[in-house]
Amino acid sequence: VSGRRNPRAFAVYCPELNEEFWGAKEAHEKYGVCVSSISQCISGKLGHAGKHPITGESLHWVKVLKE
């Protein structure tokens, strides 16, 4: 089970892309950033994951907290 149907999945946001994704898998499918690297970035184990496709800037990822 993946995406919205996965009860453990959560939305992620990348400020450099100014884009929100429903889970790291969706970000991986669009930009090729490793799912586990995004997860490690969110948990604080990595400082960034992936590079901006145009500028080459490091990408940072945060968990989106829904109310």
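## His48 and its loop

In this predicted model, His48 lies in the loop that runs between helix H2 (35-43) and strand S3 (62-63). Its relative accessibility is 37%, so His48 counts as partly exposed. With neighbours within four places in sequence left aside, the contacts of His48 are Cys41, Ser58, Leu59 and His60. The C-alpha atoms of His48 and Trp61 are 7.1 Å apart, although 13 residues separate the two in sequence.

Not counting residues up to four places away in sequence, Pro53 touches Leu17 and Tyr31. Between Pro53 and Gly32 the C-alpha distance is 9.7 Å, and the two are 21 residues apart in sequence.

## Overall layout

The chain contains 2 helices and 3 strands. Along the sequence they follow the pattern β-β-α-α-β. Of the 67 residues of the chain, 27% count as buried. Taking the contacts between residues at least 6 apart in sequence, 34% join residues at least 24 apart.

## The sheet and helix H1

The 3 strands make an open sheet, ordered S2-S1-S3, with antiparallel pairing. S2 and S3 are the edge strands, each of which pairs on one side only. Helix H1 packs on this sheet and touches S1 and S2, and the direction of H1 makes about 120 degrees with that of S2.

Between S1 and S3 the antiparallel pairing runs over 2 bridges. Opposite Tyr13 stands Val62 in S3.

## Glu19 in strand S2

Glu19 belongs to strand S2 (residues 19-21). The relative accessible area of Glu19 is 19%, which puts this residue among the buried ones because the limit is under 20%. The side chains of Glu19 and Lys30 are joined by a polar contact of 2.7 Å. Beyond neighbours within four places in sequence, Glu19 is in contact with Val12, Tyr13, Cys14, Lys30 and Tyr31.

## The nonpolar core

The largest nonpolar core is made up of 12 residues: Val12, Cys14, Leu17, Phe21, Ala24, Ala27, Val33, Ile38, Cys41, Ala49, Leu59 and Trp61. At least two residues of this core come from each of S1, H1 and H2. In soluble globular proteins, nonpolar side chains tend to be buried together.

Val12 is one of the core residues. Leaving aside neighbours within four places in sequence, the contacts of Val12 are Glu19, Glu20, Phe21, Gly23, Ala24, Ile42, Trp61, Val62 and Val64. Cys41, which is in contact with His48, is a member of the core. Leu17, touched by Pro53, belongs to the core as well.

## Confidence of the prediction

The mean pLDDT of the chain is 90, and 88% of the residues reach 70 or more. Where pLDDT is low, the predicted coordinates should not be read in detail.

Notes: Residues numbered from 1 in each chain as written. Predicted model: local features only at pLDDT ≥ 70, side-chain atom pairs only at ≥ 80, totals over all residues. Heavy atoms only, no water. Helix = DSSP H or I, 4+ residues; strand = E, 2+ residues; numbered from the N terminus. Buried < 20%, exposed > 50% of the residue type's maximum accessible area, 1.4 Å probe, protein only. Polar contact = N/O pair within 3.5 Å; in protein donor to acceptor, adjacent residues only side chain to side chain. Contact = heavy atoms within 4.5 Å. pLDDT = per-residue confidence, 0-100. Core = buried A, V, L, I, M, F, W, Y, C linked by side-chain atoms within 4.5 Å. Pairing = 2+ DSSP bridges. Axes fitted to C-alpha atoms, helices over the stretch in contact; angles between N-to-C directions.
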